[in-house]
Amino acid sequence: MSATREAAAAPVLRLRGVRRRFASGGGLDAIDLEIAAGEFFVLLGPSGCGKSTLLRLVAGLDTPQSGAIELGGRALGDGAGGRGEVAMVFQNFALYPHLSAFDNIAFPLRLRRMGSGEIARRVGAAAKMAGLDLDLGRRPHELSGGERQRVALARALVREPRVVLMDEPLSSLDPQLRQSLRVELKEFHRRTGRTFLYVTHDQTDALTLADRLAVMRAGRIEQVGTPAEVYDRPQTEFVARFVGEPAMNLVRVALAPKREALMLGDARVAVQPPSAVDSDVTLGMRPSDLSVSVSSPHKSPACAADAVEIPGEVEDAEFVGARYLVTVRVGASLSLKAESAERLEPTTPVMLAMRRARLHFFDPASGRRLE
Amino acid sequence: MNRAGRTMRAVFIAVPALFMAIFLVLPAVSGAVLSFDVGGRLSLGNYRALLGDRMFWRALLGNLAIPLGSLAIEFALALGLALYLGARRKPPAAVEVAAILPFAIPEIVLLAIARYIFIPRGYLNGALLAAGGAPLGWLRPGSALASLVVMAVDAWHVTPVVMLILLAGLQTIPPELYEAAALDGAGALQTFRHVTLPLLTPALVGALVLRGVDALRIFSTTLVLTGAEGTPVLSTYAYLLWSDSQEPRVAMAAAMMLAAMVTLMGLAGIALGRRFGASGVAA
Amino acid sequence: MNRRAGAGWAAVRAAIAAAIVLGAALPLYLLLKQAITPERESFAWPPLWLPHRIVGTHLHAVFALPELRGAILLSLGIALLSAALATALGAMLGYAMARSGAGRAAGFGALTAARLLPMIAVAIPLAIGMGRVGLYDSPSGLGLALVHSALALPVAALMVYPAFAALPREVEEAAWLDGASPARVFVLIDLPQARGALAGAFVMAFILSWDEFGYALLIQVTHRTLPPLLYYYMVFGDVGAASALALLMMVPAVCLVIALGPMLRGAMAAGGLR
């Protein structure tokens with residue numbers, strides 16, 4: 001992030017104690033959030049976690065039952081106020097089916113009775129920004145998914161809103177398109193410097209696009225931070241599991257007597273737990289942090305000072321393109337997933353190693369991170 | 001959005017509803033009140049006058065017999081037509097258009113044609129004469145034959161609509177069932193009884209209720225073909241009381257009796273609809 | 001249907017087809033004959049099956065005689081006005097039906113009222129009431145037009161309701177976010193989407209009014225529309241004029257049937273009313 005942007009980081013959007021529950025279940029519970037101007041902020045969470053509800057509240061399409069939402073310092077009132085300053089790209093694009101692409105983009109401007117010359121200019125500019133390179137006279141049903149997305153984006157941008165809201169805009173596109181559009185969106189945000197609030201259940205979207213993100217579950221925010229923060233230091237078990245592909249191994253381990261080691265099943269691992277731990281603890285290890293090496297009886301493992309070693313046996317190896325996802329059985333009843341560059345046969349004895357610093361500890365009862 | 005739109009939606013309900021209330025519901029209610037008005041006082045006198053009028057009883061009877069007959073004819077015809085038109089080999093477009101035509105033609109025109117056919121020196125008697133037979137009094141006032149003719153003509157006009165509804169119902173029957181029945185060795189009649197009829201029942205019941213309610217309100221058919229006194233029904237009876245005898249109150253009493261019959265039919269229809277799971281039948 | 005193999009069935013089907021076509025064509029032919037032959041021929045006994053002399057007097061009278069011409073114009077005016085009103089109000093109710101449960105209740109309630117209330121039970125009090133406000137038997141037919149609108153309104157609403165329901169809420173929300181008030185969203189986004197259904201509703205309401213006999217008979221007693229006029233011509237034995245009028249009355253509906261043909265199947269089965 002540029003220095004100038006950091007300097008201008010006054011919160012453009014602020015939610016305080018926002019609550020919106022539905023009779024059918026689901027909704028939001030006491031959300032507090034601040035988003036700085038120019039940020040690309042992502043709301044990440046599984047379906048039903050309330051992220052779309054939150055987005056709709058910011059858009060003014062719905063009103064909170066309690067709490068306050070402030071946009072640019074002013075309260076969002078009963079929804080009418082936010083309309084002009086907020087633009088939204090819907091999941092299914094919500095383009096006006098009977099209007100051409102040009103008219104779709106021009107719609108907000110026509111509502112403000114702008115002159116046709118001015119409209120043409122701004123539509124052209126928005127279309128260019130959104131990477132639209134086609135005949136704008138075409139109707140939505142004549143456009144491909146990617147093109148429709150760009151029209152929706154152009155329509156959102158044409159009135160130069162304070163905040164651009166995006167509701168899972170990539171989810172209805174095929175993987176290749178998602179990939180390239182993701183890159184474009186990032187680029188696009190850099191160029192325009194607008195504030196983006198982006199909702200998704202896809203953690204890849206979140207990690208690649210976000211300046212900061214909030215992980216949500218069941219109507220609450222579990223953690224807010226930069227992608228690196230959330231990835232490297234997840235504050236709860238849920239965040240640890242949800243963020244990162246492939247998912248983190250989370251195993252319940254017991255303490256060996258005198259807190260000298262941890263028991264992974266019946267395998268003893270020479271690791272000292274954090275001071276806060278005095279009984280069972282949940283241990284988190286990312287497969288990408290676990291290296292797999294074939295153990296041989298004659299090889300004496302060169303152990304780095306901060307390395308943790310876990311012996312095991314290969315159960316299964318899954319080819320996932322760039323590498324193999326290996327399932328390693330540890331002890332009698334535990335399985336861990338690790339990444340390996342080479343294919344390993346089942347029953348091969350292996351040694352898993354990872355750096356001590358990359359271990360995560362969580363309280364089994366509350367799920368909170370323990371340091 | 002939802003909040004802001006709420007006022008508009010309320011207006012969108014209120015204005016049409018008000019319109020309907022003013023031009024349909026209010027008159028009906030005021031008419032009902034009128035039916036209980038004798039010399040400015042609340043009374044059942046108008047209804048008593050009805051019960052004492054022989055013509056009323058004839059009208060009441062007619063209003064039961066004629067719709068019943070009409071329904072029987074039109075459903076038999078419509079079912080036959082629907083089975084025929086719905087068969088795998090599509091009939092020529094001319095036939096399809098011809099089948100729908102009686103519905104497209106305004107009722108009054110159809111009645112005019114029917115009148116010219118059935119009157120004593122009409123085309124039907126002419127044809128009979130040419131064929132060596134004797135002319136009949138098709139529309140003789142008060143005769144059973146006249147009632148039959150009225151039933152037939154009424155049915156003729158509406159058969160296309162019923163046929164369309166039944167046709168739509170037939171289309172929902174999966175063809176695999178017919179194939180299965182054929183494989184089991186079922187003949188045409190058996191297939192009809194065990195495959196077609198049961199699955200057609202919801203559409204049949206729906207159409208019956210819809211048409212039943214309409215059939216009870218028969219008015220122009222009798223008026224044009226035989227005149228109001230020829231085949232009396234409640235609507236023409238009430239009409240005469242209003243236009244000839246200048247007795248709006250007694251007329252309204254008769255009209256209320258008809259309204260009661262129709263409401264009963266409607267309620268029966270709702271109950272039947274629930275029982276037979278008739279889908280897509282409004283009210 | 002069952003495999004209808006065999007020549008026997010083919011013969012039956014042919015006979016049925018012939019009967020249907022004849023049953024529809026013959027009466028229309030007779031009407032046409034009466035409209036273009038002198039009255040003497042139409043009163044002949046035994047009846048004449050083929051025209052002997054073709055005259056244009058009746059058809060000419062239809063367009064020349066003030067009474068007849070007036071009735072045509074009156075019917076046309078009332079039909080157009082009531083169709084416009086019914087479509088406009090029906091669009092409102094149809095939209096409410098698509099967007100709210102209360103709307104749907106109102107819509108189906110309106111349909112019930114229109115279907116169940118017998119004409120005679122409403123027309124008599126209506127005639128009385130309209131008499132008090134000067135809408136009874138008016139030269140403009142305004143009173144009748146208003147009744148016809150009320151009769152067609154529920155069906156119009158039912159016809160446009162699916163078209164509105166088919167538009168996803170998100171598109172309306174997008175328009176609202178773009179700065180359109182709910183009314184503008186309705187006019188700019190919803191109505192264009194329902195163009196086809198609105199046209200269909202208009203046509204349906206037009207034909208309903210054009211054909212309507214009962215209310216017209218009771219409310220427009222001297223300034224008559226075509227259906228009651230036809231009735232009176234028939235009753236007074238004016239065969240030629242009646243036949244010509246009847247032919248004229250068929251024009252809108254027959255055009256429609258030929259134009260829409262196969263599409264009618266679905267639409268009429270849904271509306272299915274007299």
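Student: Which residues does B:Val250 touch, leaving out residues up to four places away in sequence?
Tutor: In this predicted model, B:Val250 touches B:Asn46, B:Ala49, B:Leu50 and B:Leu241.

Student: And is B:Val250 buried or exposed?
Tutor: B:Val250 is buried, because 24 other C-beta atoms lie within 10 Å, and the cut-off for a buried residue is 20 or more.

Student: Which helix holds B:Val250?
Tutor: B:Val250 belongs to helix α12 of chain B, which covers residues 248-276.

Student: Changing topic, how many residues do chain C and chain B put into their contact?
Tutor: Chain C contributes 79 residues and chain B contributes 82 residues.

Student: What classes of residue are on the chain C side?
Tutor: The side of chain C that touches chain B has 61 nonpolar residues, along with nine polar and nine charged ones.

Student: What about chain A: which domains are assigned there?
Tutor: The assignment gives domain 1, residues 3-242, and domain 2, residues 249-370. The contact between them takes seven residues from domain 1 of chain A and eight residues from domain 2 of chain A. Their centres, taken over C-alpha atoms, are separated by 39 Å.

Student: What pLDDT does chain C average?
Tutor: Chain C averages 87, and 92% of its residues score at least 70. Over residues 266-274 of chain C, however, the pLDDT is below 50.

Student: What are the ipTM and pTM scores of the model?
Tutor: The ipTM is 0.86 and the pTM is 0.84.

How values were computed. Residues are numbered from 1 along each chain as its sequence is written. Chains are lettered from A and ligands numbered from 1 in the order in which they are written. This is a predicted model: local features need pLDDT of at least 70, side-chain atom pairs count only at pLDDT 80 or more; totals for chains, interfaces and linings use all residues. Two residues are in contact if their C-beta atoms, placed from the backbone, lie within 7 Å. Ala, Val, Leu, Ile, Met, Phe, Trp, Tyr, Cys and Pro count as nonpolar, Asp, Glu, Lys and Arg as charged, and the others, Gly among them, as polar. Domain bounds come from an automatic or database domain assignment. pLDDT is the predictor's confidence in each residue, from 0 to 100. Helices (H or I, at least four residues) and strands (E, at least two) are DSSP runs, numbered from the N terminus. A residue is buried if 20 or more other C-beta atoms lie within 10 Å of its own, exposed if 12 or fewer, and partly exposed in between; C-beta atoms are placed from the backbone.
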